[in-house]
Each structure stands twice: as C-alpha cells, then as structure tokens.
Amino acid sequence: MRVSVDNIDTEVAAGATVLDAVRAAGAVVPTLCFDERLTPQGSCRVCLVSVRGRVMPACTTPAADDMEIHTDDDTARRSARLALELLVSQLPARALDIPAERSELVRACQHFGLTATRFDGATRNAGVDHSHPYVKLDRDLCIACNRCVRMCADVQGTFALSLAGRGFDTVVVAGTGGPWVSSPCVACGGCVDTCPSGALSEPGLADPRIGRTTTTTCGYCGVGCTLRVHVRDDAVAAITPGHDGPVNRGHACVKGRFAHAFTRSRERLTTPLIRDGGRDSPLRPASWQEALTVAATRLAAIRDHHGPEAIGMISSARATNEENYLAQKFARTVLGTNNIDNCSRLCHAPSAVGLAAAFGYAGGTNSVDDLDDADCILIAGANPTEAHPVIGARIKQLVLRGARLIVIDPRRIDLAEMADVHVRARPGSNVAVFNGIARVLLDEGYADQDFLRTRASGLAELTTLLGDYPPDHAARLAGITSDTLVAAARLYGKARRPAMVYGLGITEHAHGTDGVRTLANLAILKGAVGTPGCCGILSMRGQNNVQGASDMGALPDMLPGYQHVTDAGVRARFSRAWQAEVPVRPGLRILDMFASAIAGRVRAMYVIGEDIAQTDPDSGNVRRALAACDLVINHDLFLSTTAEHADVVFPAVPFLEKDGTFVSFDRRIQRVRRALDPPGQARSDFDILHLLARAMGADLGCPTPADAMAECATLTPTFAGVSYARLDRDGPLHWPCRSPDQPGEGRLYLDSFATPDGRAALAARPYLPPGEQPDSTFPYLLITGRRLVHYNSGSMSRRTPNHQLRPHEVLDLHPDDAARLGLADGDLVDVASRRAAVTFPVHLTDTVAPGQLFAAFNFPDTPTNALTSDASDSETGCPEYKITAVSLSPAGLRTSPNLSAQG
C-alpha cells in the first residue's frame, strides 16, 4: 500500500506500522521501548508522529492506504521531547556519557537536541550488580522500558527477568531479586542486546575502541548461528549475534556470544611438540620443519612397512568442510587407505544411515525455517534448550504462540515442563515407543492413506510387525502408561503440520539406526515429509560441523557427497581428478580402529581436533589403543588428554582464526571468516595437512579453502552449485545445490524421494533390548549428555568465564535414591561401571527418574566416558552412550579391586 511520509510517497507491505513506513521512507523517529523482535507496546512515547493531524505512536499505529504521516510535526516533537526529558530527569548524569553507538537513549537525546532537563528531583542510587561474568546491571540507568523482560520471555523463553518496585523505584531484577549470577538467567545476552540505556551491558562492548568487525558462523553446536566478531587490539572484544542470521535471527547463547576468551588463553599451543623417545619421555617444543619431518618419516615408514591399512585417521567435526575434504583426500591419496572417519560415527551415524534408507539423503528433510509453520512439535531424545539453545528458544516461542508439544525423553528436560504430553520412556525403549505410536496412527485413522499408496513402500510389512505392538504392550516395554502413549499418538496424528526434532537420545544406542527408522515411520505415515507445507524431520547435530564432516567424505565407506567408495565409476572419477588411485576396500570405523590398534594391526593414529581419550566411549580402552600404537599424531588448540598420548602435536586454530565453511544441522552451508590472527606458530588444519603432504612428497592441490570447495563441487553432484563467490554474494545455501543457478533445497523430496524406487521407505524394525542391562551389582542406569554452558570436552569453554558458571561436573541423582544411600546435595559418590569408576559430587533433582542418573563429559578430572558402555549399534558402530549400568556408593566405600578412576 502507498503512504505519504513527510510528503514523500512510500510503498509498504500490508500489516506494516507507521514506524515501518517512516523507516522505509528513510526518515528518523527515535524509539526506546521498540525492538523489531518484540511485539510493539508503545509505552515510551518518544516515537510520536502526526498522522492525519493527530499525534500517534509510530510503533503501534497500523499504516493505512493513502495515510499522511509527518515526523516533523511541532506538536508531536514537543510531546515526544517532553516524555524523554521526564525520563532523563530520573537518571544520573552518566546516563548521557555513554557513547551514542551503545545507547539508544543517548541517540534519542541527540535527535531532540536534549542536553539538560528542566525538571529537578531525586535520581536513583540503587547501585550495580556485577556478580555475573557476562551480564552487568547498573540499576540507576534502568528506564523500565520492559524490553529485557520481554526479550527473556518472548524470545528466549526463560522468564528469568521481571520489573520490581513501583513508579520511580521500578527496576529490572533477575529471579527473585538476588545476585544475577544466582538467577535462572541462561546468559543468552538478549537482554544486553536489547537494552536501550546501558543499564544492562557486557564488558567487551563498553569500550568504543573496536577496530574491525567480522561476520562468521559459530563454531560451537550445529545450529549455525551468524555472529559478528568485534576485535580490539588483536583480541576479541565482544561477539554479538547477527540480526540478519538466517538461523538465529539476532539471537545467541552463552557459548556463541560470550565464550571466546579461550582464544587468548596462556595454555594455547603455539609451537609444534614432539617426543624424542618413547611415551615416557616428555613432549618438547620443536620447529615446524623438525615436527613435519618426524611425522612424515614415521608415517611413511609405517605405511611402507606395514601397509596403508596400518594407519587410522580421525578427522574433526570442529574443522571446516574444506579441512575435512582435505583430510579424507590426504588419507586416500597420500596414505593410501580408506581408514578415515569422524566423530559423527559416535553421534549421528545412525541418522546418516537411517535417514538415507528412509528418504534418500543423509540429512534432515527440511529447513529449520519450516518449524515456524508447525502446529505440533515432537521432540525425541533431544534437549534443545541445553544443547542447541537458539533452537530451544524458538521452540518455546512456537509453543507460547499455540503449537502443541510432545516430548519423548527419560528426563524431565526444560521443554517437558511446557509439553502437552511428556513420554518419560525407559532408556533404550525408543523403538517400542515409536512402534506403539505408529500402531495407534494406523488403527485410529490418522495415517495419510493417499500418501502411503502413492509415495511410500513397506506398509504391509510394517503393519504385520505392528500387530505385536498394541499400545498396552509397547507402553509396558517403555515403562509408561498406555494412556500416555495413546495421547502422544493422537496429538501427533491430529496435527496438520507436525514437525519432528530429535537428537542423540535416539541415535546413541545399540539399536540407534532402528530408532531413527521407526521415528521416520511416523512422519511417513502422516505424509509429513516431502509435501508442500510439511515440517518434516530435523536431526540436531551436536558439534558445529558434524553434518559437514560426513558430507565431505571423512568416512571409511563414502567419498564426498555420500558416494560409495565401492562404486567403480565413482572411484574412477575421483582417481582421475586426484591423479591417484582411490582404495577399493572400505576402511575401518573409529571403534574398529581402536580394536585393531590393541590387536597390533593399526600401528599409527592420526587424530585431528578431537580429544578421543576424553570424549569417546570406554575411554580407558581408547587410551590402551593409543598406547599400543607406534605413532600418534594430533592437531589441537591445547594439550588435551589425547595430545598427552601423542608423539607429534601440531598447534591448530579455532573457527575464529580460519576461513572456510560449516554445514548446519539443516544442511545449510555457511561461511566461516577469519577474525583473528593465530597466536605464535599455530596454523589451520588445512595448512597443516598441506605441509605434511609436502613433507611426504605429495601435493594435495587446492591451495586455498575456496579451491577445495570448488574441487569438491566438481566431483560431488549435491554440491555442484556451491562456491565461495555465491556464498559471499547470496548467503547460505542448502544442499543439494546441483547447479550455479539453483538456490538449493531447504525442503527435500517434493517431487520424489531419493531412494532407488523414489518412495519413502517404511521400516519394520522390532524392539530389541539395550546392549547393556542393569543387574544386582550395577542397578542404576547412567545417561550422558550435554550441559548448557560447556561444550563437548570443555577444552574451549572451560578456558572462559563459563567456568565460573559451572566449575565442575555433577551427577544428577533423584532425591529418593539419595535418601536410600544417605547422600545429601554436594556429597561425593563413587560411580562404578563394568569398566571403571569415577567420583562425582551429587546434585539432587527430580529431573531424572529414580534409578537413573545423568552426567556430562566436559571435565577431564571427571572422566565420565571411562564408565560408558562398550556396546554399539551393529549397523553403524555408534556407541551406546545413553545407557550404562552402574553402581553407586558414598565416596571411599567402594570395594571392587579391579576398577580404577581412570578405567
């Protein structure tokens, strides 16, 4: 529609406000209570304009066709200036000393030429709260605009903030009004980001001397948030979320926004390290030439004497796509082996296999944008508010706007509090739950028969299997009531646009692939995948580039783009391009590499950016495998537990110090841009691989990351349209992107599924018991997972003020179990499994069920993964992290002589 702003005709969309029209016309009207991410409330009255002769707030007044708007109307300006002057009169003088770029209040005063106030009276003297490492509160600068409160509630969904007091004394408080650090605040930074007056701030942004700002993609979890990195004096001063970020939309979490101090940690590796003798000799600094010579000579000797299969290589989900592409190319062309894998083996290999078998591609079916259209969200085995906070916040927003929510999880996670149905199933019973829901969908007529007839296969076999899973039987297997199971099935069945979000609670099981296949059955039965308006299935990836590491072919049986290494035509195409023969036989998976090392068949391990000795399952076994090798090479930022077992350690760099791309959990390829120079002699994994290849007499080509992506695109149909030029010009692209003129496919399978017959494949998979069962000696079940403030091994997040927010790991224990054991909150307890024993302080909480425990693996002094099960998924080798049978005893009372804290 057309409106007039200061006598200038302006086009605005239907539903626009007067403020939208003013901004579209290029005019300026200050605001204080307005944030485009929040519903306008019109309380501050500084955005007053004249609309057809009447003074109106621009932010809440709808624009109308042929409306005449005047921003320079004298009456409107005087009224707005008076409202601002009254507001400023309550504030101390320093409120107007803040740099204008950091204060909307100061900019509003400048707009009206307000430098002093005519009003006398009391000003606040309420003091500050600097208890939190990231969020600083100056109560005297609070103007009670309510933006931070609404940001916390409406965007983050935490409801940690409120306005307290009356009139002049009104001020924001966190929690019940105690110290901010003790409140429920999750440190997303949204309150700081929206505060217009400087009452809420973060230390790094207080100083205006920021030299440059770089836009990049977050290197923590797999959500793929756009971040703006502000640099001062060659260090990160602050990180703010990109308001144009396609996934995060101006939001962030405590890790992405604040946990950057690790880049300047004194513990950073800045020079290569080598050992002169055996593992008992210390690592010492070495020149790059010396370290490369040692690594190249010993790798070549093992390859030439024992054969290429005697070397195992583990690439990294922390590394860029281009680094993973180069790593698998190095393994196949320089080392001559397909023994290349990455940590997706230990988390989402069942997703890759299960989703590819059901639909065709080894990734989620839809863009995260499709979540916005969902009227029902089923979350299975995922805890987004802790592991993927930006997505967790978005789900909260959708539920608050009316979407129904089903949570399937043995723990009462944060989102379970908002759920219509919480299916608190016994760990390891996922397949029984999904089969029970599928039975109800078919029996009660919720299945889309037209979709099943024309676009799916396997219905007859599935129907036969489901005859064994009536709701009461499936519920018994899962340890829940049949009413709960049926309620979840009906809620999902009645939805018009259901979405699924799942995570490691589905995949990290002895039957993880079965879990993915039977979950996919539900979307197929509903016709909720591959159809217009559908919301499909999103698989939440834990690390920043879990999806991309596999996409780039860092897998023992797949080349880039999930092209089978056993396909002679595919091998020939890569061999011609690389001018080296690609090995024919699929290589070893990660856990097989460890077993082969202990057996003496694998003699060298090359580990890039993963602390496998801390994060991989049965970590005592991992350390035995490393000890058995003649040579261990490691790239890392710090001297990790794995690096301590290495013979050569190369100093690497994090995402803030390199160029490349990551792939987010919804298949979105995004640029990573270097914001900092690396310290000392540290180098990117990309450069290290090139240097080592040259030291071994080989040339990997692809001199730059852009060249590596270009080469990958020529060899991989699903990436054929991807280039740095497009990404820098147009922004992120979803794969598949098959040509330079194709935008990429956020929503897959609208025409056909990528399976051999073009149909979605239903899977008839029976429930099978977990790989490890509790017994009288080990009667408890330990579940492992993620905490909000730390990331994976904790090597980065523990070297930031996040450590103040969670300084050590705890064992979540139900109060009933604690009472039986005579334990109080904070007491130490010995947790023993069939492999090891570890001591934890306990945290009493009913978020875990009686008989179940929960812990993360972020702290090397609490080696949780020494306990974890050695069972794994038979189809993919993914370990059963989610179920470990353990015993508990007050610390110091354990008597089993064959167990040690280190396994």
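Modeller: Let us start with helix axes. An axis is a line fitted to C-alpha atoms, for helices over the stretch in contact. Keep in mind that this is a predicted model. Here, α9 and helix α26 (residues 705-715) pack at an angle of about 65°, with their axes 9 Å apart.

Biologist: Why is α9 called roughly perpendicular to α26?

Modeller: Angles of 65 to 115 degrees count as roughly perpendicular. The angle is about 65°. Therefore α9 is roughly perpendicular to α26. The crossing of α9 and α26 is left-handed.

Biologist: Which residues of α9 and α26 meet?

Modeller: From α9 come Asn321, Glu322, Tyr325 and Lys329. From α26 come Pro705, Ala708, Met709, Glu711, Cys712 and Leu715.

Biologist: Now the aromatic rings. How many aromatic pairs does a search of the whole structure find?

Modeller: The search finds 15 aromatic pairs. One of them joins Tyr325 and Trp578.

Biologist: What makes Tyr325 and Trp578 a pair, and why is it called edge-to-face?

Modeller: Ring centres must lie within 6.5 Å, and planes over 60 degrees apart count as edge-to-face. The centres of Tyr325 and Trp578 are 6.3 Å apart and the planes are at 75°, so the pair is edge-to-face. Tyr325 sits in helix α9 (residues 321-335) and Trp578 in helix α21 (residues 568-578).

Biologist: How do you know whether Tyr325 and Trp578 are buried or exposed?

Modeller: Buried means under 20% relative accessible area. Tyr325 has 0%, so Tyr325 is buried. Trp578 has 8%, so Trp578 counts as buried too.

Biologist: Which residues do ring pairs link into a cluster?

Modeller: Phe359, Tyr361, Phe451, Tyr562, Phe719, Trp735, Tyr749 and Phe753. Trp735 also has Arg667 over its face, at 5.7 Å from the ring centre.

Biologist: What lies over the face of Phe854?

Modeller: Arg411 does, at 3.6 Å from the ring centre. The cut-off for a charge over a ring is within 6 Å, along with a limit on the angle to the ring normal.

Biologist: What makes helix α4 (residues 147-156) mostly covered?

Modeller: Of its 10 residues, 9 are buried. Among them are Cys148, Val149, Met151 and Ala153. The elements covering the buried residues of α4 include α3 (104-112), β8 (161-164) and α12 (389-400).

Biologist: Which residue follows α4?

Modeller: Gly157 follows α4, and its phi is positive, near 75°.

Methods
Residues numbered from 1 in each chain as written. Predicted model: local features only at pLDDT ≥ 70, side-chain atom pairs only at ≥ 80, totals over all residues. Heavy atoms only, no water. Phe/Tyr/Trp six-rings, centres within 6.5 Å; stacked < 30°, edge-to-face > 60°. Helix = DSSP H or I, 4+ residues; strand = E, 2+ residues; numbered from the N terminus. Buried < 20%, exposed > 50% of the residue type's maximum accessible area, 1.4 Å probe, protein only. Lys NZ or Arg CZ within 6 Å of the ring centre and 35° of its normal. Contact = heavy atoms within 4.5 Å. Axes fitted to C-alpha atoms, helices over the stretch in contact; angles between N-to-C directions. Parallel < 35°, antiparallel > 145°, perpendicular 65-115°, else oblique. Left-handed = near helix turned anticlockwise from the far one by under 90°.
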